[in-house]
Amino acid sequence: MRRHAPATARNRQPILDVLRPRLPAKGIVLEVASGSGEHIVHFAEALPDLVFQPSDPSAEARASIDDWVQTGGLGNVRAALALDAAGDAWPIERADAVLCCNMIHIAPWEAAEGLISGAARLLAEGGTLYLYGPYRRGGRHTAPSNEAFDLDLRRRNPAWGVRDLETVTALATAKGFGPPEIVDMPANNLSLLFKRT
């Protein structure tokens, strides 16, 4: 039942190192597209004063998430919700932070639009939207490996692909977020942290 995503073991601690000083001391943290559930379990173990709400549109992913949570005996993680980022109606009314790792390049652009619109609805002023993954900067890939990854994604689905940082920022600005704090991450990825204004 529990799934394993190999990249998660490599990136979960660097992501946690970015999140730890930037998340609120208490509150609800929604993760959109939780996938296997390994990220949220790692974050919840390290940040026991926060309540984590995982979500994923896939029933198999939600089963994996709930299995990881149950195995870890974590009392600060809720049952995984069925949530389609591109949908207008989300099954949660508020959150203090919204996290999304490695989704917007492996989904149609409508999912990124829905994610940012949904986060804008849920977050109060000062709330954080966190995005992690590869991005182009100034219209260029930041590494040959990202360019190869982008080509592979677009071969698999023409609606997928590594997104432009500036386009994502413009979308967030239009929805009431300030400019992102950008943190360089291992393996040519970026952390983007947007604050609701």
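This is a predicted model: local features need pLDDT of at least 70, side-chain atom pairs count only at pLDDT 80 or more; totals for chains, interfaces and linings use all residues.
1. Sorted by class, the contact of H1 with H2 comprises five nonpolar, five polar and two charged residues.

2. As to the geometry of this pair, H1 spans residues 6–19 and H2 spans residues 38–46. Their axes come within 10 Å and cross at roughly 40°. The two helices are therefore oblique to each other, an angle under 35 degrees being needed to count as roughly parallel. The crossing of H1 and H2 has a right-handed sense.

3. A separate point concerns the cysteines. How many disulfides does the structure hold? There are zero. For cysteine 100, the closest cysteine sulfur belongs to cysteine 101 and lies 6.9 Å away, which is too far for a bond; a disulfide would require the two sulfur atoms to be within 2.5 Å. Cysteine 101 is likewise in no disulfide, its nearest cysteine sulfur being that of cysteine 100, at 6.9 Å.

4. Are these two cysteines buried or exposed? Cysteine 100 has a relative accessibility of 2% and so counts as buried. Cysteine 101, at 6% relative accessibility, also counts as buried. The cut-off applied in both cases is under 20% relative accessible area.

Notes:
Residues are numbered from 1 along each chain as its sequence is written. Side-chain values use heavy atoms; hydrogens and water are left out. Axes are lines fitted to C-alpha atoms, for helices over the stretch in contact, and angles run from 0 to 180 degrees between N-to-C directions. Helices (H or I, at least four residues) and strands (E, at least two) are DSSP runs, numbered from the N terminus. Angles under 35 degrees count as roughly parallel, over 145 as roughly antiparallel, 65 to 115 as roughly perpendicular and the rest as oblique. A crossing is left-handed if the near helix is turned anticlockwise from the far one by less than a right angle, and right-handed if clockwise. Ala, Val, Leu, Ile, Met, Phe, Trp, Tyr, Cys and Pro count as nonpolar, Asp, Glu, Lys and Arg as charged, and the others, Gly among them, as polar. Buried means under 20% relative accessible area, exposed over 50%, partly exposed in between (1.4 Å probe, protein chains only).
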